Amino acid sequence: MQLVVPGQYAMGNCCWTQCFGLLCRGGALMETGGCCTGSKCFRVCPRVRDLIFWRDVKKTGFVFGTTLIMLLSLAAFSVISVVSYLILALLSVTISFRVYKSVIQAVQKSEEGHPFKAYLDVDITLSSEAFHNYMNAAMVHVNRALKLIIRLFLVEDLVDSLKLAVFMWLMTYVGAVFNGITLLILAELLVFSVPIVYEKYKTQIDHYVGIARDQTKSIVEKIQAKLPGIAKKKAE
């Protein structure tokens, strides 16, 4: 799956439902912040798209349940404890199965060999070429993120920097109520529920989001008109 990197903030021209509609139809994910300025929508792996849209209920249920249990465990216990218990549980299963198969082979006097031989023979080494490809792909996103950080903190665009300031101010209230693990749990619930809900009620959601987008655009334009020295480029 490709990492989603924040693009330029353009609240006035935000049209997240268009990109989200592309996700439903062709597998495009909107950028963080819900903006698709310049049609900058990232493609996601079809497997991920099928997962969050519950195409295979058993597979999605397993992934959703496993990750949710892990996050709930992290909320109740320390990371070290959770990791240790997970490793112990995995070792208990593999060791028990290994001993069981060995006993069965000894009783039946069979020569089946190691029960995990097929997995032990799998080549999991990472080639230098594959490593460089991953690094190059990661660097593209890192460079975009650095460029975005610089333009926001050095106030290349005052309105965009003010948006970030307001967002961070709101996040202080969120942080006072929720911790990081709680936010991750909420994020997972949203990831596995919002796409399927949007797919079912796309028309109604697009209608109300369109109204909200128009109102937001109007407010932003009024604010920009009152700010001195701000020359906003017209949307191409």
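This is a predicted model: local features need pLDDT of at least 70, side-chain atom pairs count only at pLDDT 80 or more; totals for chains, interfaces and linings use all residues.
Residues are numbered from 1 along each chain as its sequence is written, and side-chain values use heavy atoms, leaving out hydrogens and water.

Trainee: How many aromatic pairs does the structure hold?

Mentor: Rings of Phe, Tyr and Trp (its six-membered ring) pair if their centres lie within 6.5 Å; planes under 30 degrees apart count as stacked, over 60 as edge-to-face and the rest as tilted. The number of aromatic pairs in the structure is five.

Trainee: Of what kind is the pair of W54 and F192?

Mentor: Good one! The ring centres of W54 and F192 are 6.3 Å apart. Their planes stand at 80°, so the pair is edge-to-face.

Trainee: How many residues apart in sequence are the parts that W54 and F192 tie together?

Mentor: W54 lies in the loop between helix 2 (46-52) and helix 3 (57-76), and F192 in the loop between helix 8 (180-191) and helix 9 (194-200). Helices here are DSSP runs (H or I, at least four residues), numbered from the N terminus. The pair therefore ties together parts separated in sequence by 138 residues.

Trainee: Is F192 buried or exposed?

Mentor: Buried means under 20% relative accessible area, exposed over 50%, and partly exposed in between (1.4 Å probe, protein chains only). F192 has 11% relative accessibility, so F192 counts as buried.

Notes:
Helices (H or I, at least four residues) and strands (E, at least two) are DSSP runs, numbered from the N terminus.
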